[in-house]
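These exercises work through a sheet, a ligand shell and a set of salt bridges. Each task is followed by a solution in steps.

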Amino acid sequence: MIAIIAAIDKNNALGFKNKLLFYLPDDLKRFKALTTGNTVVMGRKTFESLPKGALPNRRNIVLSRSNILTLPGAEVYASLEEALKHCDDNEQVFIMGGASVYKQAMPIADRLYMTEIDATAKEVDVYFPTIDHELWQVTKRDVRHADDRHPYDFAFVDYEKKA
Ligand SMILES: NC(=O)c1ccc[n+]([C@@H]2O[C@H](COP(=O)([O-])OP(=O)(O)OC[C@H]3O[C@@H](n4cnc5c(N)ncnc54)[C@H](OP(=O)(O)O)[C@@H]3O)[C@@H](O)[C@H]2O)c1
């Protein structure tokens with residue numbers, strides 16, 4: 001199973017200057033719950049954006065075309081195909097960004113775990129690809145309202161690729 005996990009605003013915005021756009025603690029909690037014990041695949045820039053390096057209790061895979069790159073706590077592969085070749089069939093693989101890797105993974109992903117944030121970021125330099133509703137169907141929508149820890153409404157929306 002290959003899943004994509006991402007948080008986007010109303011315009012599919014993902015990030016700015018190699019940082020996330022929003023801080024939503026319950027979103028981070030869900031990310032951790034879904035990915036812990038599984039495999040996460042990310043681009044080199046997203047790895048560099050992680051505040052404490054490799055994510056604990058997960059197999060961390062980083063994509064980079066640099067053949068001299070070694071990263072603590074992570075395996076580095078030179079293409080998405082190469083990375084997936086090193087994953088078992090029974091492994092749950094979560095593609096966790098950034099924009100360039102999401103774009104490459106959309107055609108091969110089985111599921112999307114989206115966090116759709118009811119906000120519009122002012123400064124954005126990377127976007128999630130448009131989700132084609134002819135290809136993807138929503139299987140679950142869990143709406144959360146803004147509260148003292150979350151400045152915006154948001155929804156956890158799961159999609160499956162139509163057969
Ligand atoms: N909102 C969210 O859910 C979310 C999640 C993750 C990231 N983000 C945001 O996304 C932004 C980063 O995205 P990005 O597109 O700029 O960078 P990225 O996808 O994280 O990393 C790009 C780099 O990954 C490597 N790469 C990508 N595809 C590859 C392939 N097929 N084979 C080998 N290497 C490959 C290359 O590294 P080399 O240059 O080393 O060759 C490339 O420069 C940040 O703002 C981050 O905060 C948002």
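**Exercise 1. The open sheet**

In what order do the 3 strands of the open sheet stand, and is their pairing parallel or antiparallel?

Solution. The model is a predicted one: local features need pLDDT of at least 70, side-chain atom pairs count only at pLDDT 80 or more, and totals for chains, interfaces and linings use all residues. Residues are numbered from 1 along each chain as its sequence is written, and side-chain values use heavy atoms, with hydrogens and water left out.

Step 1. The order is β3-β2-β9, and the pairing is antiparallel. Strands here are DSSP E runs of at least two residues, helices are H or I runs of at least four, and both are numbered from the N terminus. Two strands pair if DSSP finds at least two bridges between them.

Step 2. β3 and β9 (126-127) each have a single partner strand, so one side of each has no neighbour in the sheet.

Step 3. Between β2 and β3 there are 2 bridges, in the antiparallel sense. F16 has K19 of β3 opposite.

**Exercise 2. The ligand shell**

State which residues come nearest to the ligand, which elements supply the shell, and how the ligand is contacted and covered.

Solution. Step 1. The shell has 28 residues, of which R44, T46, S64, S100 and Q104 come nearest. A residue counts as near if one of its heavy atoms lies within 4 Å of the molecule.

Step 1. At least two shell residues come from each of β1 (2-8), β2 (13-16), β3 (19-20), α2 (44-49) and α4 (99-105). The most, 5 residues, come from α4.

Step 2. By class, the shell holds 13 nonpolar, 11 polar and 4 charged residues. In this scheme Ala, Val, Leu, Ile, Met, Phe, Trp, Tyr, Cys and Pro are nonpolar, Asp, Glu, Lys and Arg are charged, and the others, Gly among them, are polar.

Step 3. A side-chain N or O atom of S64 is 2.7 Å from an oxygen atom of the ligand.

Step 4. The ligand taken alone exposes 940 Å², and the protein buries 87% of that. The areas come from the Shrake-Rupley method with a 1.4 Å probe.

**Exercise 3. Salt bridges**

How many salt bridges does a search of the whole structure find?

Solution. Step 1. The search finds 12. The criterion is a side-chain nitrogen of Lys or Arg within 4 Å of a carboxyl oxygen of Asp or Glu.

Step 1. D26 and R144 form a salt bridge with an N to O distance of 3.8 Å. D26 belongs to helix α1 (residues 25-35) and R144 to strand β10 (residues 136-144), so the pair ties together parts 118 residues apart in sequence.

Step 2. D26 is buried, at 15% relative accessible area, whereas R144 is partly exposed, at 28%. Buried means under 20%, exposed over 50%, and partly exposed in between (1.4 Å probe, protein chains only).

Step 3. R144 also forms a salt bridge with D142, the closest N and O atoms being 3.0 Å apart. A network of salt bridges links D26, K29, D142, R144 and R149.

Step 4. The salt bridge between E75 and R59 has an N to O distance of 2.7 Å. E75 lies in strand β6 (residues 74-77) and R59 in strand β5 (residues 59-63), so this pair ties together parts 16 residues apart in sequence.

Note on methods:
Polar contact = N/O pair within 3.5 Å; in protein donor to acceptor, adjacent residues only side chain to side chain.
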